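Visitor: I am new to this structure and would like to learn how its features are read. Could you take me through them slowly?

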Amino acid sequence: MNSDLDPTRNPFSSRFPRSRLMRLCLDDMNASAQRRALLMRGMFTLLAQYLDDDDDEDEEEEDEDPQEQAGEQDPLANGKRRRSTTRNPNDDVPRKAHAGPHSPSLTSDAESPFKPENSLIRRTKPDTSFIVHPKNPEMESPEQIFILSGQSNMAGRGGVIRDHSHHNHQHWDGVVPSEAQPDPSILRLNAHLHWEAAREPLHADIDSKKVCGLGPGMSFANAVRGRVEGKIGLVPCAVGGTAIKEWARGEHLYENMVKRARESVKNGGEIKGLLWYQGESDTSSQHDVEAYHENMVRLIENVRRDLALPSLPVIQVAICSGDEKYLEKIREIQLGMKVENVVCVDAKGLELKDDHLHLTTEAQVQLGRMLADAYLKHFGSANSHHPAL
């Protein structure tokens with residue numbers, strides 16, 4: 001009788017004896033375990049042979065010529081290099097000299113159908129020691145620190161021109177007069193709170209939503225340096241189109257200014273003054289005019305309190321542009337402010353651009369000198385001391 005038809009001999013039949021089925025399963029499991037054991041022994045044998053061969057190669061390398069080993073430690077010693085015993089498929093192809101980063105161009109890649117393999121090119125780190133990086137976070141903190149704040153004429157729009165042929169696109173013309181040129185003794189706190197070499201436009205990464213040009217900061221610093229001890233640090237904080245109420249304590253502009261000022265003296269230095277040029281945005285309504293004096297006084301008090309500098313000098317600029325309806329009212333408030341250690345310089349008469357709102361490059365240079373004269377006259381004496389944070 002065919003076993004496939006006999007239910008007692010077919011393991012898949014329900015009538016197949018259970019004891020016999022159990023025995024078949026155990027036999028199959030034992031056979032599988034034996035096969036796995038054989039495979040494991042084979043793998044361990046191969047691994048042991050591989051490790052023995054690797055140890056033999058290490059011993060041969062240790063027995064090599066000591067002079068050759070010294071050559072490996074110093075590839076340039078005696079002009080010798082250890083050569084690889086592996087044959088390069090491009091060895092029979094004549095190669096042209098490889099031009100380094102400071103070498104004249106010898107040939108273009110297109111002239112040769114072959115290029116040296118990457119493994120054959122000696123990798124060297126380029127020499128950058130001769131570069132003076134303007135954004136070095138390790139730069140030493142300056143001793144004399146000034147906060148630049150307010151709105152667009154402090155941020156600087158000198159040299160910003162509008163290209164009417166390209167959808168009124170604005171850009172800075174890049175003109176920097178000698179009075180505003182960079183100097184190693186003048187630093188700037190950038191948007192990342194690192195000191196770097198100062199150069200125009202000072203507010204490019206601060207008033208970042210607008211096109212910034214030349215402001216009064218660099219000409220001020222150049223006029224002051226040499227008259228004070230140590231390096232000068234500028235802390236740009238101005239943002240164009242902002243009203244005095246936006247500089248109230250708790251507002252973003254005010255809190256960011258205080259944060260930057262505190263960071264500027266974290267590693268030393270002394271905040272010597274606040275240069276403030278703002279008010280054009282408050283010439284539009286009677287309400288803004290009426291609140292201006294109180295808001296400005298409160299701003300000065302808050303800054304001095306939050307920086308723990310109760311006598312911090314403030315040099316304010318009396319505006320020369322804005323809405324003519326209330327322009328003179330704001331000017332009167334600024335020029336007539338009677339607060340201790342607050343002085344005012346008058347921008348009236350300085351040249352304006354075609355927009356009749358922003359100072360030209362030449363006017364910004366002149367304003368910077370005016371601010372410097374005011375600081376040196378009122379606060380620049382050796383006896384003037386304002387403790388840092």
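Predicted model: local features only at pLDDT ≥ 70, side-chain atom pairs only at ≥ 80, totals over all residues.

Visitor: How many aromatic pairs does the structure hold?

Guide: There are 4 aromatic pairs in the structure. One of them is formed by Phe146 and Tyr375, whose rings are 5.0 Å apart centre to centre with 90° between the planes, an arrangement that is edge-to-face.

Visitor: Which parts does the pair of Phe146 and Tyr375 tie together?

Guide: Phe146 belongs to strand E1 (residues 144–150) while Tyr375 belongs to helix H8 (residues 361–378), so this pair ties together parts that are 229 residues apart in sequence. Tyr375 also forms an aromatic pair with Phe379, and that pair is tilted, with 6.3 Å centre to centre and 40° between the planes.

Visitor: Are Tyr375 and Phe379 buried or exposed?

Guide: The general idea is that a residue under 20% relative accessible area is called buried. Tyr375 has 3% relative accessibility and therefore counts as buried, and Phe379, at 5% relative accessibility, counts as buried as well. Phe146 is buried too.

Visitor: Which strands are joined to E1 by bridges?

Guide: Strand E6 (residues 232–236) runs parallel to E1 and is joined to it by 5 bridges, and within E6 the bridge partner of Ile145 is Gly233. Strand E7 (residues 270–277) also runs parallel to E1, with 7 bridges between them, and in E7 it is Tyr277 that stands opposite Gly150.

Visitor: Which residues form a nonpolar patch on the surface?

Guide: The nonpolar patch is made of Met40, Met43, Phe44, Leu47, Tyr50 and Leu51, which together have about 670 Å² of accessible area. Met40 is found in helix H1 (residues 18–62), and because its relative accessibility is 41%, Met40 counts as partly exposed, whereas Tyr375 in the ring cluster counts as buried at 3%.

Methods:
Residues numbered from 1 in each chain as written. Heavy atoms only, no water. Phe/Tyr/Trp six-rings, centres within 6.5 Å; stacked < 30°, edge-to-face > 60°. Helix = DSSP H or I, 4+ residues; strand = E, 2+ residues; numbered from the N terminus. Buried < 20%, exposed > 50% of the residue type's maximum accessible area, 1.4 Å probe, protein only. Patch = residues over 30% accessible without salt bridge, like charges linked within 9 Å, V, L, I, M, F, W, Y side chains within 5 Å. Areas by Shrake-Rupley, 256 points an atom, 1.4 Å probe, with all protein chains shown as cover. Salt bridge = Lys/Arg side-chain N within 4 Å of Asp/Glu carboxyl O. Pairing = 2+ DSSP bridges.
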